[in-house]
Amino acid sequence: MKILVFGAGPLGSLKAARLHEAGHDVFLLARGQRLADLREHGIVIQEDDTDEEEVAHVDVVDSLEPDEYYDLVLVVMGEHQAVQILDTLAENEHVPTFLFMGNNVNGSDEMVQALGKERVMLGFPYPGGKRDGHVMRVLPIDEDNKYTIPVGEVDGTIQPRTRQVAAVLEDMRGYDVEIRTDMDELLTYHVTLLMSGLVPALYAADTSMKRLGETRDLLVLSVRATKEALRGLRNAGYAPSPPVVRAFEYVPEPICVWAIGWLMRKEYAKISVEGHARDGRDEMRYLFDGLRSILDETDVETDAIDQLAPYYDSETPPYPEGKRDLSMQWGGLVAPTIGAGALALVLRRLRSRASADSAAERESGGVYYEVSGPEDATAVVFTHGFALDRETWREQTATLSESYRVLTWDVPGCGDSAGSSVPVRFDVSARKLLDVLDEEGIDQAVLVGQSMGSLLSQYIAYHHPDRVRVLVHVGGFPLHEGFSERMIKLMRWHPTILKAIPEQLLYDACGRLFAHTPDAQEYARRATARTGKENMVSLEREYLKDLDEGIPEMTELPQLVVVGEHEYFPLRKKAKEWNDRLPNSVYAAVPDAGHIANHDNPTAFNETLSSFLESLTDQHLDEPSSRSKTGCFSEVARAGRPVSCLSHRCSPSVNVEAMKRIDLEP
C-alpha cells in the first residue's frame, strides 16, 4: 500500500519506519531542518531503555500535491496543527482516506467539513516520545510489549475501509489495533484526563515530573481539576469513553494523589508526558482552551481548574516546591477499598499497552470473533444479547484478558456475522460456537451470556455439558419453563411488530429498551442498526422457536445470575425466582444499570464477575468433569463480595439462602 505520513515528529517518524519495515511503500512529509536531517540521517529511532538506534531510509517529500495519489495518508499531529493544513489536504481529491492521529478536543466536524465524512478517520498514535536533535526518542515498544492504537470512523460505523486501515496498522511491529465506534468521545476524554489537571500542574512544577511528584498540593489540585472536568463533560452530555473513566470521579482523593505521585516518578512518564509538554506548550494550551470552552457551557464548579489554568502561561512563576498545605478529603460515594479497586480498573483500561497476547479478530464458518489473553488460562466465552454484537463486552475483555483466555463472538445474523451468516436456531449457533472453540483449542469454558446469549448458554450446557464449566447470566431467564405457553403465544406477534416499525424508530427504541445509561443506549442503537431490521425479524422468529421448545431440565452447573437494578420488573422478578430454584447459584444486582448491565455499569459488573470467578476453587476450574450433579455452595459475604466453595467437601445441608441475594455496590 502506498502511504504518506504527514508529520515527521517522533510519533509520525516511528509509524513511517515501522510501516516501511512491514513492506509498505511509505513517504514521509517534512520541511525545514527536519527535512534536511531525514535526507542526511534517515529516520533514527532510539528506544528509551537502550543505546541502540533503529534507522530507516524512506522516501521523503516536502509537500502533498493536488494530483498525487496515496492509498492512505496518516496525519500524525495534534489538532492545532491539523486544522491548519486542511485546505492543503482538501486540494487533493485523489486520496481516499485521511487518518488523523493526534490529540483532539473539538471533534471531527472541521475535518469532515473540509474533506467529507467518507475520507476522514480518527485514531491515536501511541507511544509517547520526544525529539533529541535528529534522533526521535520513544518509549520501549516490541513484540512482548505491544501498544494498542484505537481507530474508527467519525460516524461510529465499522466499514470494510475501517478494517483495511486497521489491518495495515497492525502490520507494524509492536502494535495492535482496536477498532472503536466512539473515537470522538475517546479523544475528548483523553484530552480531559491530561489537560484539565495533570499538564497545568506539571507546568506549575516547572515542567519537572520529579518536582510534581514531590509537591503534594499540586497533585491534590490536579486530581480535583480532573474530577471537575469529568463532571463537566458528563454535564455537557458526553458519554464516558471508555466508560470506566467515570469511576475516577468516585475514587477517594488520597488514593488518586498517591497513584499519580507514583506515576510521576516513573521514567516512562518523563518521556511520554514531560517531554511532550515541554516541546508542545502551544498544543497543550490549544487543547485546554477547547476543553475550557466545553466546561464553560455547564454549571459545574471549576475552582481547581481555575487555580491551575494560569500555569499554561510560561510567564507564571512556578508553584512552591514541596508545598503540602492542602488537606486531602476521603469523601466519596464508595469506600476506600472499593475506590482502590475502581482506580486500578481505570489505570488498567486507560493504559495503551496491550497484553502479551492481545485481541485478534478471526472468522470461522461465517462467524466473527475475537480471542485474547493467555492461551493456558481458564477460557471465558461471552455471548451477546438479541441483535447486539461482541462490542458489548469490550470493558470485560479489557479487564479479564490479563488473567483469562477471553473469547467474544457475533452470533450468526448479528454484528459482523450479519453479512456472512443468517439468523439460525440455537442448535446451529451452538455448533458454530463449539467449532470456534475447537479451532482455538478450548475444551471447556465459562459461558457468560446476556439475555438471548444466556439462553444459548443454557442450551449448550444442557446438550454439551462436557464443554461448560460455569454459567453466568446477565439479564437472563430460564430456558427451562421460562415462560408460560400463553405468554409464548403472545410473543409470537413480536416479528410482525418488528417488521411494521420504521427502521430508525426501531433502532432508537432498542437503545431505550435495552440500556439505562446514555453511552449504553447509543451503543445499542448502533449495534442493532448494524444487525439490521431484516435480520432482527428473522432472529426473533428463530429465537421464539427455541424459547417454545426450551430444554427438558435446568442444568445444575454453578451459576451467577446478574440483573441491573433498573431491569424491567418482570425480568428482575423471574431472575430472582430462577435463582431460588437453582441449586448452585449466586444472585447479584448491579447498580445504575438496566438490561445490559455489563455495558451500563462495567466497573460494578466487572467487580461482580471477577469476584465470582476468583471465588471458584482451582479444583472446579481445572477439573470440571469431576464435579457431582449435587454440588453445593457455601458462602460468606465479605464487603459485598460473593465467596463460594465448589470443592464438594461442604455438607449438602449448608444453608445457601444468605448468598442468594447479594446487591453489589460499586
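Residues are numbered from 1 along each chain as its sequence is written, and side-chain values rest on heavy atoms, with hydrogens and water left out. Because the model is predicted, local features need pLDDT of at least 70 and side-chain atom pairs count only at pLDDT 80 or more, whereas totals for chains, interfaces and linings use all residues.

**Helix α23**

Helices (H or I, at least four residues) and strands (E, at least two) are DSSP runs, numbered from the N terminus. Helix α23 covers residues 533-549, and its 17 residues reach 25 Å from the first C-alpha to the last, close to the 24 Å expected at 1.5 Å a residue; the expected span is 1.5 Å times one less than the number of residues. Buried means under 20% relative accessible area, exposed over 50%, and partly exposed in between (1.4 Å probe, protein chains only). The buried residues of α23 include Met536, Val537, Leu539, Tyr543, Leu544 and Leu547, together with Lys533, Glu540, Glu542 and Asp546. Among the elements that cover these buried residues are α17 (426-439), α18 (452-463) and α22 (518-531), where contact means heavy atoms within 4.5 Å. After α23 comes glycine 550, with a positive phi near 60 degrees.

**Cavities**

Rolling a probe the size of a water molecule over the atoms shows where empty space is left. On a 1 Å grid over the protein atoms alone, a cavity is a set of points where a 1.4 Å probe fits but cannot get out, and lining residues have an atom within 4 Å of a point. Grid points are joined across faces, edges and corners, and a volume is the space filled by probe spheres set on the points. Five cavities of 30 Å³ or more are found in a search of the whole structure.

The largest cavity is lined by Val411, Pro412, Val424, Phe426, Ser429, Met452, Leu456, Leu539, Glu542, Tyr543 and Asp546. Two or more lining residues come from each of α17, α18 and α23, and α23 gives the most, with four residues.

The second largest cavity has 13 lining residues, of which Met77, Phe100, Gly102, Asn104 and Met111 are the closest to its centre. Here the elements that give two or more residues to the lining are α3 (79-82) and β7 (98-101).

In the table, Ala, Val, Leu, Ile, Met, Phe, Trp, Tyr, Cys and Pro count as nonpolar, Asp, Glu, Lys and Arg as charged, and the others, Gly among them, as polar.

| Cavity | Volume | Lining residues by class |
|---|---|---|
| Largest | About 70 Å³ | eight nonpolar, one polar, two charged |

**Residues with positive phi**

Threonine 207 has a positive phi of about 55 degrees although it is not a glycine. The residue lies in the loop between α8 (198-204) and α9 (209-213), and threonine 207 counts as buried because its relative accessibility is 9%. Aspartate 592, also not a glycine, has a positive phi of about 55 degrees. Its place is the loop between β20 (585-590) and α25 (597-600), and a relative accessibility of 35% makes aspartate 592 partly exposed.

**Leucine 4**

Leucine 4 belongs to strand β1 (residues 2-6) and is buried, with a relative accessible area of 0%. Its C-alpha atom is separated by 6.5 Å from that of tyrosine 70, 66 residues apart along the chain. Leaving aside neighbours within four places in sequence, the contacts of leucine 4 include Phe27, Leu29, Val61, Tyr70 and Leu72.

Terms used: On a 1 Å grid over the protein atoms alone, a cavity is a set of points where a 1.4 Å probe fits but cannot get out, and a pocket is an open set with protein on both sides within 12 Å along at least five of seven lines; lining residues have an atom within 4 Å of a point.
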